[in-house]
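Student: I'm new to reading structures like this one. Could you walk me through it, feature by feature?

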Amino acid sequence: MADIGIPFTDLVAGLPAATPFVGPETLERQRGSAFDARIGANESAFGMSPKALQALIDEAPRSAWYGDAQSHDLRSALAEKHGVAPEEVLVGAGIDGILGNTVRMLAGPGTPVVTSAGAYPTFNYHVAGFGAVLQTVPYRDDAEDPEAILAKMRETRAPLGYFANPDNPMGSWYEAETMQRLIDGVPDGAVLVLDEAYIEFAPDGTAPPIDASNPKVMRMRTFSKAHGMAGLRIGYTIAHRDLITGLNKVRNHFEMTRVAQAAALASLRDPDFVAGVVAEVARGRAEYAETAARLGLRALPSATNFVAIDMGRDGEYARAVLRALDAAGVFVRMPGVAPMDRCIRVTVGTAQDRAIFAERLASVIKALG
């Protein structure tokens with residue numbers, strides 16, 4: 001960063017001029033045209049519930065007003081759904097926004113924070129942005145390693161750790177018993193963020209019971225995936241009420257719009273729509289597995305709305321495939337850390353998206369040789 005006299009803090013001056021992701025719109029501007037298949041950001045290709053869309057439309061005329069700073073009605077509905085008290089639920093601008101406030105709340109400059117190398121990079125972005133220090137452990141067999149996370153938390157005495165179940169970017173998952181052992185093993189005086197953004201797509205028995213009386217874990221959920229509301233930026237955490245109080249001390253109290261709250265509440269009341277999305281995603285995952293097999297590739301098992309496809313070579317080859325798909329009008333992404341970077345990661349799109357992907361991936365593989 002050039003020195004032109006702006007009084008940046010030392011922390012900001014030392015950070016790279018970067019964000020965790022380059023969005024598809026930016027890529028479209030760079031390539032000069034829109035993608036034919038937008039299947040890289042794990043957005044829902046199936047939209048939101050018609051009831052949610054109607055609630056959004058009905059609320060739109062009142063957008064001159066701030067949204068309810070307490071998200072009272074939505075928090076109450078979420079508390080009832082999960083069997084907790086409203087004081088044990090906090091609504092925020094997606095899991096991303098809540099992660100930022102969680103890091104701010106628990107990890108000051110120089111504080112060790114534990115995650116997996118190659119896991120969700122937005123968490124790392126917040127850790128760096130608040131001056132804390134990432135301590136990472138490797139994946140094991142294409143999955144996050146709960147034992148290694150706990151060992152590193154103990155070793156570094158980190159007050160904060162991160163684990164996703166199901167995992168992004170690999171789509172792997174653990175059963176509830178393993179996750180409960182992870183929660184039970186969190187050291188005294190530490191907190192584990194358990195990111196469950198994709199939990200609706202996972203098999204029964206993936207999520208352990210929610211116990212908001214436990215101050216060692218924060219359960220993160222979102223409306224961005226199965227509910228189809230990524231653009232409305234709305235997620236929530238369930239945690240001990242003292243952790244919720246801490247978040248309330250640092251959050252932006254008016255970040256939640258009226259329309260987002262209204263749409264999310266309506267979507268909660270339309271479980272059949274979400275179930276339909278989950279079923280279509282399961283069909284799409286099976287199609288991707290068939291596509292991969294026809295091309296001599298392997299689709300990793302997934303409990304999410306995306307599939308990691310093992311390209312059978314190294315990261316350089318996978319990046320070449322990614323660039324070629326981009327040039328061919330198909331937006332996908334890939335893990336950023338070896339050995340997972342031998343894969344590309346493909347969101348389950350519509351039937352048309354999936355057909356385009358299958359045809360153009362075959363062409364790309366043939367052209368690359």
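This is a predicted model: local features need pLDDT of at least 70, side-chain atom pairs count only at pLDDT 80 or more; totals for chains, interfaces and linings use all residues.

Student: Is Ser71 buried or exposed?

Tutor: Buried means under 20% relative accessible area, exposed over 50%, and partly exposed is in between (1.4 Å probe, protein chains only). Ser71 is buried, at 2%. You'll find Ser71 in the loop between helix H3 (50-59) and helix H4 (72-82); helices (H or I, at least four residues) and strands (E, at least two) are DSSP runs, numbered from the N terminus.

Student: Which residues of helix H8 are buried?

Tutor: In H8 (residues 176-184) they are Ala176, Thr178, Met179, Leu182 and Ile183. These cover an arc of only 160° around the axis, so they sit on the same side of H8; the arc is that of the directions from the helix axis to the C-beta atoms. Exposed Arg181 and Asp184 are on the face turned away from that buried side. Among the elements covering the buried residues are helix H7 (146-156) and strand S5 (160-164).

Student: How do strands pair?

Tutor: Strands of a sheet pair through backbone hydrogen bonds, either parallel or antiparallel. Here, two strands pair if DSSP finds at least two bridges between them. Strand S3 (residues 112-116) and strand S4 (residues 133-137) are parallel, with five bridges, and Val114 has Gln135 in S4 as its bridge partner. Five of the five residues of S3 are buried.

Student: Where are the antiparallel strands?

Tutor: Look at the open sheet of three strands, in the order S9-S10-S12. Strand S9 (298-299) and strand S12 (343-347) each have a single partner strand, so one side of each lacks a neighbour in the sheet. Ala308 stands opposite Arg345 in S12.

Student: What about the angle at which H11 and H13 cross?

Tutor: Axes are lines fitted to C-alpha atoms, for helices over the stretch in contact, and angles run from 0 to 180 degrees between N-to-C directions. Angles under 35 degrees count as roughly parallel, over 145 as roughly antiparallel, 65 to 115 as roughly perpendicular and the rest as oblique. The axes of H11 (residues 271-294) and H13 (residues 351-368) come within 11 Å and cross at roughly 10°, so H11 and H13 are roughly parallel to each other.

Methods: Residues are numbered from 1 along each chain as its sequence is written. Side-chain values use heavy atoms; hydrogens and water are left out. Contact means heavy atoms within 4.5 Å.
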